[in-house]
Amino acid sequence: MNSPILSVKGLSMSFELKGSWGRSAGTLRAVDNVSFDISSGETLGLVGESGSGKSTIGRLVVGLLKPTQGEIQMFGTDIRQNNADAFKAIRRKVQIVFQDPQGSLNPRMRIENAIAEPLDISGQYSPIERADRVKELIELVGLPRDCGKRFSHEFSGGQRQRIGIARAIALNPAFIVCDEPVSALDVSMQAQVVNLLLDLQEKLNLSYLFIAHDLAVVRHVSSRVAVMYAGRIVELAPRLDLYSKPLHPYTQALMDAVPLPRPGMQKAVGVPGEVPSLLNPPSGCAFHTRCPRASQICTVDKPDYRQVSQEHFVACHFIE
Amino acid sequence: MTSDELLRVSGLTVKFLGESGWLTAVEDVSFSIGKKECIGLVGESGSGKSVTALSVLNLHERRTTEISGRIEYFGKNTLTLPANDLRRLRGGEIAMIFQDPMSSLNPVLTVADQIIETLQLHENISHSKARLRAIELLELVRIPDAARRVDEYPHRLSGGMRQRVMIAMAIACKPKLLIADEPTTALDVTIQAEILNLLRDLQNELEMSVLLITHDLGVIAEFVQRVVVMYAGQVIEEAPVMRLFDQPLHPYSQGLINAIPPLHIDMRRLLSIPGQLPDSYEIHSGCRFVARCTERVSTCLNSQPSLIALQNGGSSRCPIRVELSGVQR
């Protein structure tokens, strides 16, 4: 394996919640001691329910949030210890695509300017280079060639996501955080955007952190998959291992919940209960309140995140 | 209408007044829903499925909408029903739940207030009795600790819980037809499966019919008996759910099925339907799907195909596929 582009160690993120009159209303632990690596050209899928902390990790990794604890190394240097200029240089190589493309595009900006915004900020493009690059980007993400003068509302959801991707790849990044890029799209558009991301990865040698709540989509983009629950990674494994023999009961439950396009076959099974509040997480293993296998020990002891085979990690008391 | 039909939509056409004139959103849509039957309405965003559903309850803005056709419910045409009768129908015999529960719930009223409001609107029931019913309903939709939760405000509930509250409100007056417009699209898969199971159980218990609108064929396969597939404002295929998945008789239906990412097979690329919905439906003379179709022949460009009724029930708008399949017309 080549050296990692991104290396995250012991990452934790807590938010102080403010109550009335400035009193503290408690601490919300969104991310709790998370570690992983992503190597060049690789995609790590990050799966979990809403509120599991997966988007917070995405934001931490691109430097939009400052971690309370832990280390994020990009190309071997800590993204936080640098001065502003050094941070900017790293930040240029690291981009993010958001779930809601409408919310991340200025409705009053023509899309050629929206796509060129990163170029303008970088200050490295002359007007001619800028125009050429915009043209190139529009083609690269498969938008109609003459669409530069239009506004974002004139595009469909799938096309808006293409605009978001064009912005993200504008400065030739090495690494992109895809934060639920296809969750808001129809199946047909979802497949198009996933294929576009795969093509771009090959063409531009990109690495992705692909965040989603849908295990089925993640399977087709990821080399390895991490499953998050209540701020922790509960299982991390190469794609084939994870899908052929999921170890953690939560991973299993997530798979059973995917509705299969085969009528008359077994029905999808949900996970009873809800994602626990991160303000007041359950004792022991956070999943014990919903886990079919939970026993006494799960309510008391927090299971360690352990290596069970070469690249397979899991946090559960029942895994040998 | 036959005796086992609950609702029949025939020749529904809906036009909206846009900046550049009238736009056809739905054209000549016909289908029926049987008693206790679950029907799925499938299509991409913009295919006209929500517009069709809103027409059933005549919920369109009158000044900017032109509706023609008939929607028969127990011998009444909901499109021409007087406002008072319509109001009794809405939320009473025909109830609706939407994709985003937060924007359908009133943020400044408690859950109890909102359910009681529904009950008192449709039934002659005292406030205290209605409150007890509200708690019963929350228990029915499996909200734990219902007696306490009933006094919560919507923002205190999770997305899944809010959708359960919406369902509780919808079934409060024991509707005969529940229209569910993308009820699980905004939810996590784990919660989605729970909500679908809940809806399935309620449908059996209350013996209601369900019109489920979604773009997710996985959800369709789980839930419904019959499927109506819409594309660009038209019905392009109607089929029993088994037949639709075994032998889709329209390339678009096939495309939708193929586009579902499989959970148990590895595919490095997903099968997508190229292109997107046309902006305006009137421009070309041929089949509306022709630009995205991988099976098109020259005749597809010439004339718009009409819906072909099939002998074993269902219909398709693709003469080529019907011909090849050998299914009797």
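## Around Leu209(A)

Let's start with one residue: setting aside residues up to four places away in sequence, Leu209(A) touches Ile38(A), Leu44(A), Leu46(A), Gly58(A), Val61(A), Val177(A) and Cys178(A). Touching, or being in contact, is defined by C-beta atoms, placed from the backbone, that lie within 7 Å. This is a predicted model, in which local features need pLDDT of at least 70 and side-chain atom pairs count only at pLDDT 80 or more, while totals for chains, interfaces and linings use all residues. Residues are numbered from 1 along each chain as its sequence is written, and chains are lettered from A and ligands numbered from 1 in the order in which they are written.

Leu209(A) also belongs to the largest nonpolar core, which has 194 residues; Ile115(A), Leu209(A), Val227(A), Ala168(B) and Leu211(B) touch the most other members. The largest share of this core, eight residues, is given by helix 7 of chain B. A nonpolar core is a set of buried Ala, Val, Leu, Ile, Met, Phe, Trp, Tyr and Cys residues joined through C-beta atoms within 7 Å. A residue is buried if 20 or more other C-beta atoms lie within 10 Å of its own, exposed if 12 or fewer, and partly exposed in between.

## A buried arginine

Where is Arg167(A) found? Arg167(A) sits in helix 5 (residues 157–169) of chain A. Helices (H or I, at least four residues) and strands (E, at least two) are DSSP runs, numbered from the N terminus.

Why does Arg167(A) count as buried? Because Arg167(A) has 24 C-beta neighbours inside 10 Å. Leaving out residues up to four places away in sequence, Arg167(A) touches Ala114(A), Ile115(A), Glu117(A) and Pro118(A). Arg167(A) and Leu209(A) are 42 residues apart along the chain, and 17 Å separates their C-alpha atoms.

## Chain A as a whole

Chain A contains ten helices and twelve strands. Its radius of gyration is 21 Å, close to the 20 Å that the globule rule gives for 320 residues, so chain A is as compact as a globular protein of that length. That radius is taken over C-alpha atoms, and the globule rule is 2.2 Å times the number of residues to the power 0.38.

Of the 320 residues in chain A, 48% are buried. Among contacts in chain A with a separation of 6 or more, 64% are between residues 24 or more positions apart.

## Strands in chain B

In chain B, strand 1 (residues 5–18) and strand 2 (residues 21–34) run antiparallel and are joined by ten bridges. A hairpin of two residues links strand 1 to strand 2 of chain B, and Phe16(B) has Leu23(B) as its bridge partner in strand 2. Strands pair if DSSP finds at least two bridges between them.

Chain B also has an open sheet of eight strands, in the order 6-7-8-3-9-10-12-11, with mixed pairing. Its edge strands, strand 6 (94–97) and strand 11 (308–309), each pair on one side only. Within chain B, strand 3 (residues 38–42) and strand 9 (residues 226–231) are parallel, with four bridges.

## Where the chains meet

How many residues of chain B are in contact with chain A? The count is 38 residues of chain B, in contact with 38 residues of chain A. Helix 8 of chain B gives the most to its side, with six residues.

Note on methods. Two residues are in contact if their C-beta atoms, placed from the backbone, lie within 7 Å.
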